[in-house]
Amino acid sequence: MERLSEGAEAVMFEIRLSGKPLLVKARNRKAWRIARIDEELRERRTKREAKLMVLAKKAGAAVPGVAATGKYSIFMQKIEGKLLKDSKPTAKDMRTIGRFLGYMHAQGITHGDFTSANLMLTKDGPYIIDFGLGNFSNSEEEKALDLLLLERSISKAAYANARKGYASVSKEYLKVISRLDEIKKRGRYQTRTLLS
Amino acid sequence: MAVLGIESSAHTFGVGIVDNGRVIANAKAMYKIGGKGMIPKEVAETHLNNAAGVIQEALQEAGISFKDISGIGYTKGPGIGHCLHVGMLSAKTLAKKLNVPIVPVNHGIGHIEIAKKRAKLKDPLALYVSGGNSQILKKYGDRYKILGETFDIGIGNMLDSLARSLELYPAWGSTVEKTAENGRYIDMPYTVKGMDFSFTGILTHASKMKGKHDNKDICFSVQETAYAMLTEATERALLLTNSKELCVCGGVAQSKRLKRMLNGMAEEHHIRFGYAEDPFNADNGAMIALVAEQMLAHGTKAKLQECNIEQRYRIDEVKLWKG
């Protein structure tokens, strides 16, 4: 068992199941909050994240397959590739990413942390990972925020292609874009830095 | 030589004096908040009545006189306009009379800088929690950047409103903390989005619980939920920025429960955690003097006629010194 990373919320490690590598995302106990809050949050978030992954995949986005879930952990397919933030995507890659997001949004799935740190490029094309902050939502605001996070994390050209891909499949494109413009006009986002 | 700082953004009129980073006076007078919260005009009137006395008190505490003052700082914002005006006018009058430089200071930066100073931290991530503000910040170069913040109201306002709606007295956060002792948990909405959070949902929910549950259970649940939200958002920011130090500051940093939670989280990540003593977490003039002294030392000063107030003065607008 190899410990791969420790996020704020969960640890990731790899196990092998009948020779095949599986990634485990486990939400650990946080001793600083009371058990009632801690257990409820971890269970609810684990359940929601697994469901989001399964449904996003069903909607047409490339997402790691969920093999099994425990009360506080998700066992998922291991994706081999590089994070988008560490690679040079082609225009086609970016259009695909935009399309994937459009498919998800059409099914009422938002990612919540849609940055280049949560997108992977593989030999089979882009994958979307880490649905830990995702939500079931048809709110234009949340959808627009997905686009905003992407825009802030990649180059202008790459984002333009992603937006083309998004526009090509999204029926609510214009509504989401006008909400996005509105968000950008609000004070708190003008100067906001998004580090991820 | 010493720098005098005046704070008047909300219910406190504070005058602090620092000498080379050392606080030599921290005098204040407070407006008593009743059941209706803060009425701006009334608070400003109280400040007007207190101003001269508090300035005198600070000088006495420091054991110096006006001729020893080499610079003046005042809170430009954010805060309540009526209240800010009183501090600004006092500061301008003093600066003109004493013929010393004047510098406007951002209130939140005062809170962060004094926490850093008192806790002896170099480059911490800061959780700034007060009545009107709840933000997670870090300094990059000569500016603070906001990494996360409340979507709606500050946590302090939420706790004060809760105290008022449960008819607790005095109606503010420390009473909520006292009432929460031995409480039992009832479900509350928990809203964290990345490094941002929201408090109105808790307030609405808790107000509906009034009469159906014991006040101690309501207070306990609100507090545990709200502080867990802040701690979780802070934890995300710590890991994202790879910070090795953490400080909490602002009025709500006086809460023992919040500090205990943050401390537990910081220990898990082997991060140094610190904060200022309570009188420096409550609004105070010393923090304004401290920042003013540093700004003046780094060559920032303002022309008298350019000194104004700004009710929504954002921390990330302020150019400071590097390092």
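Modeller: Let us begin with a definition: two residues are in contact if their C-beta atoms, placed from the backbone, lie within 7 Å. Please note also that this is a predicted model.

Colleague: What do the buried residues of H2(B) pack against?

Modeller: By that contact rule, they pack against strand E1 (2-7), helix H1 (40-62), strand E4 (69-77) and strand E5 (102-106) of chain B.

Colleague: Which residues of H2(B) are called buried, and what makes a residue buried?

Modeller: A residue is buried if 20 or more other C-beta atoms lie within 10 Å of its own. The buried residues of H2(B) are His82(B), Cys83(B), Leu84(B), Val86(B), Gly87(B), Met88(B), Ser90(B), Ala91(B) and Ala95(B).

Colleague: How do you know that the span of helix H2 of chain B agrees with its number of residues?

Modeller: Helix H2 (residues 81-98) has 18 residues, which at 1.5 Å a residue should span 26 Å. The end C-alpha atoms are 26 Å apart, so the two values agree. Just after H2(B), Asn99(B) takes a positive phi of about 55°.

Colleague: Why is H3(B) called roughly perpendicular to H10(B)?

Modeller: The axes of H3 (residues 107-119) and H10 (residues 285-297) of chain B come within 8 Å and cross at roughly 85°. Angles of 65 to 115 degrees count as roughly perpendicular, and therefore H3(B) is roughly perpendicular to H10(B). Among the residues making the contact are Ile109(B) and Ile114(B) of H3(B) and Leu290(B) and Val291(B) of H10(B). By class, the contact has seven nonpolar, two polar and two charged residues.

Colleague: What pLDDT does chain B average?

Modeller: Chain B averages 95, and 100% of the residues score at least 70.

How values were computed:
Residues are numbered from 1 along each chain as its sequence is written. Chains are lettered from A and ligands numbered from 1 in the order in which they are written. This is a predicted model: local features need pLDDT of at least 70, side-chain atom pairs count only at pLDDT 80 or more; totals for chains, interfaces and linings use all residues. Axes are lines fitted to C-alpha atoms, for helices over the stretch in contact, and angles run from 0 to 180 degrees between N-to-C directions. Helices (H or I, at least four residues) and strands (E, at least two) are DSSP runs, numbered from the N terminus. Angles under 35 degrees count as roughly parallel, over 145 as roughly antiparallel, 65 to 115 as roughly perpendicular and the rest as oblique. Ala, Val, Leu, Ile, Met, Phe, Trp, Tyr, Cys and Pro count as nonpolar, Asp, Glu, Lys and Arg as charged, and the others, Gly among them, as polar. The expected span of a helix is 1.5 Å times one less than its number of residues. A residue is buried if 20 or more other C-beta atoms lie within 10 Å of its own, exposed if 12 or fewer, and partly exposed in between; C-beta atoms are placed from the backbone. pLDDT is the predictor's confidence in each residue, from 0 to 100.
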